[in-house]
Amino acid sequence: MMTGEKKQRRIDRIDGRTVLLLTLCACIVTFITTSFWGHGIFTFWIFLILCWFGLYKQALGCFVVYLVAIVWLMIETKYQISIPSPLLLSMIYKLLLPAMPAYLLAKIPSGKLTASLRKMPIPTRIMLVLIVMLRFAPTVLHEFGEVREAMKIRGFLKSVGNVLRHPMDTLEYAIVPMVFRSLKMADELAASAIVRGIESPYKKESYYVSRIAALDYFLIVVSVGAAVCCCLL
Amino acid sequence: MGKEIMIRDLTFSYGGNGNQLEHISLDIAAGEVIVMTGPSGSGKSSLTRVINGLIPYFYEGELSGEVFVDGKPLKEIPSWERGKIAGNVFQDPRSQFFANEVAGEIAFGCENYGYSHEDIQNHVHRAAADIKIQDILDHSLRSLSYGMRQKVAIASAEAIDPEIYVMDEPSANLDIASTYRFADIIRALKQQGKTIIIAEHRLYYLMDLADRFLCVQKGKIVREFTAQQMKALSNEEIRVLGLRTPDLHQIEQAEIPSAATSEVVLEVKKLNHSFGETIVAKDVNFQCRKGEVVALIGPNGTGKSTIGRILAGLLKEKSGEVVLFGKHCRSKGRLGKVWYIPQDLDSQLFGEDLLDELTTGAEVSPERKKAAEEILEALELMPFVKQHPSTLSGGQKQRLALGVALMHEAPIIILDEPTSGLDGMNMRNVSRMIRKLAKMGRTIIVITHDAECALACCERAIRLENGCITDDFQIRGAEPLLDKIGYDKKEG
């Protein structure tokens, strides 16, 4: 309980724009750098940030998977092994880096993130799309879990062989109810937003304070510096 | 003080598909609590949507007639401004939330209406304190029970301090204790002089709150009752009007002979499960016989659905044993034998029409087609056979889900809240179908808060609280069941 409160307070102290920048830096490093060391150092920096925010389990889990993927890839390269696929291992370690700050982004209260987005020079239409995407992503994941359960009950996911023999059918069974449910929820959500004045012309302020503070400046300077250095390594 | 509403000769149809509302004229005084009840599809929700302005702005159609709020025509008020006048609470809080945490959700309306940061904080904290949820402002909405989510929905409406509240089936997903707490909130709003309009099937919790009950049928207000007149209705009159029973003590248990045999088909032994530190099943033991219909009752969030999903093989138990037909059965082996029908059926529909829904997933031989037709006939769904499953009403969807279970010859069926959001007539229909299936030799477990449904189709009840079985008893009359679900335990 205490850990939860501490984590919440620390997350409350950071601005959404800082975490967005962290995610952007992670994406740039992962796609530009060719050095294992450069990539590894930046991943370790993000690992430290996640730990500082109290997300120890997730940080450790990601970092262990990251290390295993890299070490395995090195062994494969040295001994000419190709199981599991080197491409798969590369994808795992490359994508884990941006996934880590993205996870932190998902932990920020959506209201706070919206407040941060509103302070950025983004056109309103694009911002609305971003906000709706952020709102809808967890819903879609939840709904997909329910559809997967229904498919399990019906026997559509009885075995891997069954799925591989009928890939298009399986895809259809997954997508059709998802589409119907998402359309219904989108409709209800839009109605709820309209009756609560989303279309009002007033200038909007937020429940949360969106301000770049000392902690944000520190994270921005160190992260941008680290990203540049790691790309040059 | 609340605002008065005047409706004059209102007629509405969704794009020429027959009139949803027909020549409705209604006066609602400021500070009045009005309950609209009646069968599903009768026009209750449409009427609430006209009052909150969603019709015709968002739900388009042909609208004639006028709505006045404090003498001013509603159509002269800009659509975005109507939310300041009327606060809304919908049936499913999941799809009305815009934030992922409580404070952000309560603040949403204030943010939209241009309040300053300080004002937003003040309004959020005041609304949270009024609804007594100030301790959970930083909690994730997903982690909350249905009861708490509904409180957040009300706080979210209250933060803007509207003079009118419009609620559409707000108690559909609440257990009895949460429903009474919800009634207390409505009482407090009434004392503040707010005008409150509630479209609702469940009436018992509104009997000492509502000033008038309007019975809506086929788009018209056909009857109007005071609480006294409502309570005086006989069971036969309630059935004819297709309503839920206003006083649950009045319910007569259906006298249907038990179809249960002596054969034990399901045995649960020392079942344990937890999510993190939250225990949802603790040494759970019970048996069910062939043809038995058992109600699984207990408060929201007490582990009923989790146990249902474990029995169906969708979740693996932490420890304990599930025995089917005398043999120990692992979770994977239970899939398809114990058939779990969840509360939300929209994500469970795979077919293009009702026959396709029953036969999908395997080759359609003439025998399978015939079997599917027989099942649809037995469930009284043949008139809708060509329809897309998602276009069926809630009660019809439940019957279709039962049909899918029958098609797969599942001997044990678990229904999770099959009658939530159903009107009296549909609730009785689904209950009748459950009895019919029991007669056909199916064992049925009904997870429910709905005493009317349990009394209409179940012969035994198992009560769970904090993952433990507290009671396991034969249902003989309404009183013992009502006592166990806490019907008379209203909090001050």
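Residues are numbered from 1 along each chain as its sequence is written, while chains are lettered from A and ligands numbered from 1 in the order in which they are written. Because the model is predicted, local features need pLDDT of at least 70 and side-chain atom pairs count only at pLDDT 80 or more, whereas totals for chains, interfaces and linings use all residues, and side-chain values use heavy atoms, with hydrogens and water left out.

**Chain A as a whole**

Start by selecting chain A, whose secondary structure comes to 10 helices and zero strands (DSSP runs numbered from the N terminus, with H or I over at least four residues for helices and E over at least two for strands). Its C-alpha atoms fill a box of roughly 65 × 55 × 40 Å along the principal axes, and 42% of its 233 residues count as buried (under 20% relative accessible area, with exposed meaning over 50% and partly exposed in between, for a 1.4 Å probe and protein chains only).

**The two domains**

Next, colour chain A by its domain assignment, which gives domain 1 as 2-108 + 210-232 and domain 2 as 116-194; such bounds come from an automatic or database domain assignment. The centres of domain 1 and domain 2 of chain A, taken over C-alpha atoms, are 27 Å apart, and between them the two domains bury about 400 Å² (the accessible area, with a 1.4 Å probe, that two parts lose on being put together, summed over both). To see what domain 1 of chain A contributes to this, select A:Arg17, A:Leu20 and A:Ser210, which supply 84% of the area that it buries against domain 2 of chain A.

**A nonpolar patch**

Now show A:Leu24, A:Ile28, A:Phe31, A:Ile32, A:Leu87, A:Met91 and A:Leu95, which make a nonpolar surface patch of about 740 Å². Patches are made of residues with over 30% relative accessible area and no salt bridge, like charges being joined within 9 Å and nonpolar side chains (Val, Leu, Ile, Met, Phe, Trp, Tyr) within 5 Å; the areas come from the Shrake-Rupley method with a 1.4 Å probe, and for residues only the protein chains shown count as cover. Helix H2 (16-32) and helix H5 (86-107) of chain A each supply at least two residues of this patch, and H2 gives the most, with four. A:Ile32 lies in helix H2 of chain A, and A:Ile32 counts as exposed because its relative accessibility is 51%.

**Where chain B meets chain A**

Bring chain B into view: the contact takes 61 residues from chain B and 52 residues from chain A (heavy atoms within 4.5 Å), and the two chains bury about 5,200 Å² between them, 55% of it on carbon and sulfur atoms. On the chain B side, select B:Trp80, B:Phe98 and B:Phe350, which supply 15% of the area that chain B buries against chain A, more than any other three residues. The count between the chains is six salt bridges (a side-chain nitrogen of Lys or Arg within 4 Å of a carboxyl oxygen of Asp or Glu), and B:Asp346 forms one with A:Lys184, the closest N and O atoms being 3.0 Å apart.

Finally, centre on A:Ser192 in helix H9 (residues 167-194) of chain A, which counts as buried because its relative accessibility is 1%. Leaving aside its neighbours within four places in sequence, A:Ser192 is in contact with B:Phe90, B:Ser95 and B:Gln96.
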